[in-house]
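Here is a short report on one protein model. Look at the structure first, then read on.

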Amino acid sequence: MQPTLLLASRVSESFLECLKARFRVIEATAAGFDAAVAALAPELAGEIRIVVAFGSTPMKGESLARLPQLGLICCLGSGYDGIDLNYARERGIVVTNSPAANARSVADLAMGLLISSVRNLPAARHYLEAGRWQGNAGERMQPVRGLTGRRLGICGLGAIGLNIARRAAAFDMEVGYHGRKVRPEVAYPYFDSIVQLATWADVLVVSLRADASTYHAIDATVLQALGPQGFLINVSRGTTVDEKALLDALKTGQIAGAGLDVYEHEPSIPGELFRLPHVALTPHIGGSTLEAAQEQEACVLANIEAYVTGQPPRTPVSR
């Protein structure tokens with residue numbers, strides 16, 4: 001008999017067909033995980049052994065408790081911040097993720113946001129749309145400082161952070177970092193605190209894992225240390241940045257600009273962000289590339305196959 005799998009996030013049509021060919025799939029992509037589980041008949045809920053979803057999908061302990069046969073949660077992507085890990089650990093439910101599948105894609109977007117905000121590309125488009133550009137002999141936009149020689153501080157030197165560092169080095173930027181621990185295998189200077197890193201950096205990139213320890217890790221103190229010539233780029237989770245403090249810093253000129261792919265209360269975005277200069281915005285698309293999706297899907301399938309055949313998971317979440 002095919003194992004029953006609950007799919008709680010939208011996936012590609014090809015991956016959905018792949019899952020349906022191997023498992024009995026219950027789709028819960030519209031209502032959300034908690035609502036979908038609450039609506040399941042007890043008999044059906046009792047058959048679900050596997051859940052597949054993005055790691056940011058809220059999965060409360062009381063919802064997981066409605067699935068007595070659940071043994072595996074597979075997260076699409078590196079994050080797992082939506083899951084009640086304490087409950088899963090107590091129940092013996094294995095949680096896996098795809099730790100490096102989207103790292104290069106997210107790093108690409110981080111550099112895109114960096115260039116867009118530092119070079120003020122949104123304002124350049126508005127300048128063109130307003131018909132103000134009359135060729136290089138006429139009025140021109142004010143020149144801005146480029147990337148060469150700037151200091152890039154990376155908060156969180158995991159797979160994404162390392163890929164950002166390599167890309168920044170190709171732009172002749174200096175790289176420093178702060179993380180949970182020193183990584184002796186890299187040559188980049190380590191800073192003991194985010195404030196110290198922000199004080200040193202011209203651009204601060206956030207690639208932290210979202211959990212209780214990183215909630216509002218980027219606060220008013222960090223932004224003040226970054227300074228009026230500094231830029232903030234966030235490609236991790238919106239909760240790592242105090243959004244109110246960021247808005248205040250942008251509006252008062254305490255920092256120069258920002259590039260954001262994530263927001264504290266997604267999908268809600270403060271309207272003020274759209275009206276501020278040197279701010280580049282995207283709708284949480286860091287990992288939204290075909291290459292990343294294929295790697296994530298392959299990782300999920302490998303973890304499921306290991307589970308149903310009684311083998312150790314390929315990429316378990318260790319904490």
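Predicted model: local features only at pLDDT ≥ 70, side-chain atom pairs only at ≥ 80, totals over all residues.

**Cysteines**

Start with the sulfurs. A search of the whole structure turns up zero disulfides. Such a bond needs two cysteine sulfur atoms within 2.5 Å.

**Nonpolar cores**

In soluble globular proteins, nonpolar side chains tend to be buried together. Here, the largest nonpolar core has 29 residues. Within this core, L204, I218 and L232 have the most contacts. Several elements give two or more residues to the core: α9 (194-200), β8 (203-206), α10 (220-226), α11 (243-251) and β10 (257-260). The largest share, five residues, is from α11.

Take I218 as an example. Beyond its neighbours within four places in sequence, I218 is in contact with C155, I194, L204, V206, L223, L232, T240, V241 and D242.

Another core lies apart from the largest one. This other core has 28 residues, including L109, M111, L114 and V175.

**A pocket**

What lines the second largest pocket? Its lining consists of S56, D81, R237, G238, T239, Y263, E264, H265, E266 and H284. By class, one of these residues is nonpolar, five are polar and four are charged. The second largest pocket holds about 210 Å³ of space.

Definitions and conventions: Residues numbered from 1 in each chain as written. Heavy atoms only, no water. 1 Å grid on protein atoms, 1.4 Å probe; cavity = no way out; pocket = protein on both sides within 12 Å on 5 of 7 lines; lining within 4 Å. Points joined across faces, edges and corners; volume = space filled by probe spheres on them. Nonpolar A, V, L, I, M, F, W, Y, C, P; charged D, E, K, R; others polar. Core = buried A, V, L, I, M, F, W, Y, C linked by side-chain atoms within 4.5 Å. Buried < 20%, exposed > 50% of the residue type's maximum accessible area, 1.4 Å probe, protein only. Helix = DSSP H or I, 4+ residues; strand = E, 2+ residues; numbered from the N terminus. Contact = heavy atoms within 4.5 Å.
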